[in-house]
There are 2 protein chains.
Amino acid sequence: MRKNILMKRDYTSKEIKKLFISEIQRHNSTLLINKNNLIFNANYLFKICKNTVIAPVIKSDAYGLGAIEITKIYINLGLKNFFVGNTSEAIKIRKKFKNINIFILNCGMIFDFNLLKKYKLTPVINNINQLTNWPLSSKNKIPCMIHIDTGMNRLGLNSKDFMSSENKTKLKKMNIKYLISHLACADDEKNSFNTIQLLKLKKMQIYLKHIKGINIKTSISNSSGIWLGKKYFLDLVRPGAAFLGINPSINNPNPLKNVICLYTYILQTRIAYKNTTVGYGASYKLHKKSKLATISIGYSNGFSRLLSNVGSVFINDKEAKIVGKISMDLSVVDITDFKESNIKVGDPVEIFGENRSIDDFATLNNTIAYEIICQVGKYSKKIIY
Amino acid sequence: MRKNILMKRDYTSKEIKKLFISEIQRHNSTLLINKNNLIFNANYLFKICKNTVIAPVIKSDAYGLGAIEITKIYINLGLKNFFVGNTSEAIKIRKKFKNINIFILNCGMIFDFNLLKKYKLTPVINNINQLTNWPLSSKNKIPCMIHIDTGMNRLGLNSKDFMSSENKTKLKKMNIKYLISHLACADDEKNSFNTIQLLKLKKMQIYLKHIKGINIKTSISNSSGIWLGKKYFLDLVRPGAAFLGINPSINNPNPLKNVICLYTYILQTRIAYKNTTVGYGASYKLHKKSKLATISIGYSNGFSRLLSNVGSVFINDKEAKIVGKISMDLSVVDITDFKESNIKVGDPVEIFGENRSIDDFATLNNTIAYEIICQVGKYSKKIIY
């Protein structure tokens, strides 16, 4: 059962600094993960998807945030079904959590049935070879999901292969838990491709009913799919990003709360003279005497070089422009316009979070929030608070 | 003493596949590190820098390749002096290697002298506060380096602070091992800024000689600096990227051998029909019936979304274009033009290495090879062979 969680109020920016500054000053980059806001987002999903199984996606180490810690939070919320990216992720999760169902989105080329049985893992069948070689001999038939490609052309069986006459007997006997597919344009509710994909999956469900005599459950929605409305919920939804507060829609304001903030700190400040340059390639020239702050983050921490000379950060809620190229573990920002009293060595520097959403930060990086989390998550000290 | 290493011949592409295919098929992305070529590059550097200390930079986990393993190779080559990025990196290295000198490029805001003494670490003084607070009381004076900023405006003392009268007594008494600086435009030997920086550092060396009565050793060159010629070697050079075969110059062909290749493998293939689309956002439309291969790498493995619909990979030495958006742990390439006999599920897929240099791959990603190594190194299975 999903539990009701009493929401605590959020920490203010000042409180965060007070509580976490010593940690922030000890690492190049620190990712603060707001558990309360994650729970808010979970409750939001629970409210929308009342009669549907919610199975969080925790692949790629929960998008870089740490699969064990994030799964623990989900389990405490009463969730029991989880999707991982591959078998080694699945085993890592199983070793920590015994009483959950683990579904593997992609087992690689061939299934290791010994591992699947040993760790009680449910694989997704993604192609015709895997279906053809699926064993039927065992007494307790191995449970599986079958992925039908309805428009991604990436993983999944196409309808022709799925419905080929050779597979009929096999499909009849298999223990298929869900027939799943994946939406290509779920973040755009105006896109008619969503309906087309949904109908294709339903057609396969009907085909399977003819063979097996029963309705096999279906699933098609990731986070964004949930915002397409009830008819996309089907029997199970697979949100990942929504828990983390990433905007599920490209057309609408974000109804979710932000969960992750990335911080670094000011390592040193300097007066820099007119006509001197900053960083590699001398790519930024100072047109007046300026005050600069060197901050303790660079591209080896996932802070992309694309932001060189064009990006900015926030120090005590005020924007500071990046000047010069971003280095491997250092960057420089212009703090000429800051009051002396309002900035000092050791101050936390917000890369994204309170003053700039992760979605806006991703846009500046020419990408989507998913990639940002994966990039910075793996590189940063992570604190769940 | 630096050892003479007998070069073994390189493995061919086919041999690599034969030897490593099972490892490649077990991981999303696999980084093959060619030790022979790294040794070739080291020997190349030894030949150029005959009478200069060569101190490899192993910061950011040896640019993501694994600091312990890479340092082991350097030590076996007879190298004894190493630069790390911060104190925690230094301690990690010290715990494994007792008889080397470890210099810390950036100790953060303040020095932890207990740690520095306990682990016999030599810090770099980067700003006036660190110099002012440097202790002189102890009998065995702590060794240090002083970083003079000669044009990066990033770390290091400016000449005015360094030469201020208050510091004279302190500088006189300190145990300064090296006076160092960092070049901004070393990869461009035509840039006059290099000479300006060199002269500024030498001026500070002369100033220090006036105070201390002896010549303090100096260092200014990273990998690229070495290619600027003998006068930039000074007493110590700090190469990192050159060992790894990254081109030290933007104007000249690369004299070094490639060290790292990134591979993934073909997860499944499919026939995709005319007018269907590939991947998220349905951003790629197939104008004819095509054959596609889904490969087991995505942006969570450091394979940037920027390459969506524009990048390419190599399968059995033939180029295959990326179609559609790169996903978190999957990408799709077009293999319509491949002979049936020349491609199959499980085949290794080269992201960069033999058919495309890491420098060219970096250019496609709108960045430099340093960032690519850091991105993919941390995400990939690494094999030194």
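Reader: Why is Ala62(B) called buried?

Author: This is a predicted model, and the label comes from a count in it. Ala62(B) has 26 C-beta neighbours inside 10 Å. The cut-off for buried is 20 or more, so Ala62(B) counts as buried.

Reader: And where does Ala62(B) sit?

Author: In chain B, within helix 3, which covers residues 59–63. Its backbone stands out too: phi is positive, about 50 degrees, although Ala62(B) is not a glycine.

Reader: What about Asn309(B), what makes it buried, exposed or partly exposed?

Author: Asn309(B) has 15 C-beta neighbours inside 10 Å. Buried takes 20 or more and exposed takes 12 or fewer, so with 15 Asn309(B) lands in between and counts as partly exposed. Asn309(B) belongs to a loop of chain B, between strand 13 (290–295) and strand 14 (312–315). Its phi is positive as well, near 65 degrees, in a residue other than glycine.

Reader: How do you know how far to trust chain A?

Author: By pLDDT, the predictor's confidence on a scale from 0 to 100. Chain A averages 94, and 97% of the residues score at least 70. Residues 1–6 of chain A are another matter: pLDDT stays under 50 there, and the model has nine contacts for them beyond four places in sequence. For the complex, the predictor gives an ipTM of 0.95 and a pTM of 0.95.

Reader: What makes up the contact between chain A and chain B?

Author: Each chain gives residues: 49 from chain A and 49 from chain B. A pair is in contact if the C-beta atoms lie within 7 Å. On the side of chain A, the elements giving two or more residues include helix 3 (59–63) and strand 10 (260–272). Helix 13 of chain A brings the largest share, five residues.

Reader: Which classes of residue are on that side of chain A?

Author: There are 21 nonpolar, 21 polar and seven charged residues on the side of chain A that touches chain B.

Reader: And what domains is chain A divided into?

Author: Domain 1 (35–238) and domain 2 (260–384). Their centres, taken over C-alpha atoms, are 39 Å apart. The contact takes seven residues from domain 1 of chain A and seven from domain 2 of chain A. On the domain 1 side, by class, that's two nonpolar, three polar and two charged residues.

Terms used. Residues numbered from 1 in each chain as written. Chains lettered and ligands numbered in written order. Predicted model: local features only at pLDDT ≥ 70, side-chain atom pairs only at ≥ 80, totals over all residues. Helix = DSSP H or I, 4+ residues; strand = E, 2+ residues; numbered from the N terminus. Contact = placed C-beta atoms within 7 Å. Domains from an automatic or database assignment. Nonpolar A, V, L, I, M, F, W, Y, C, P; charged D, E, K, R; others polar.
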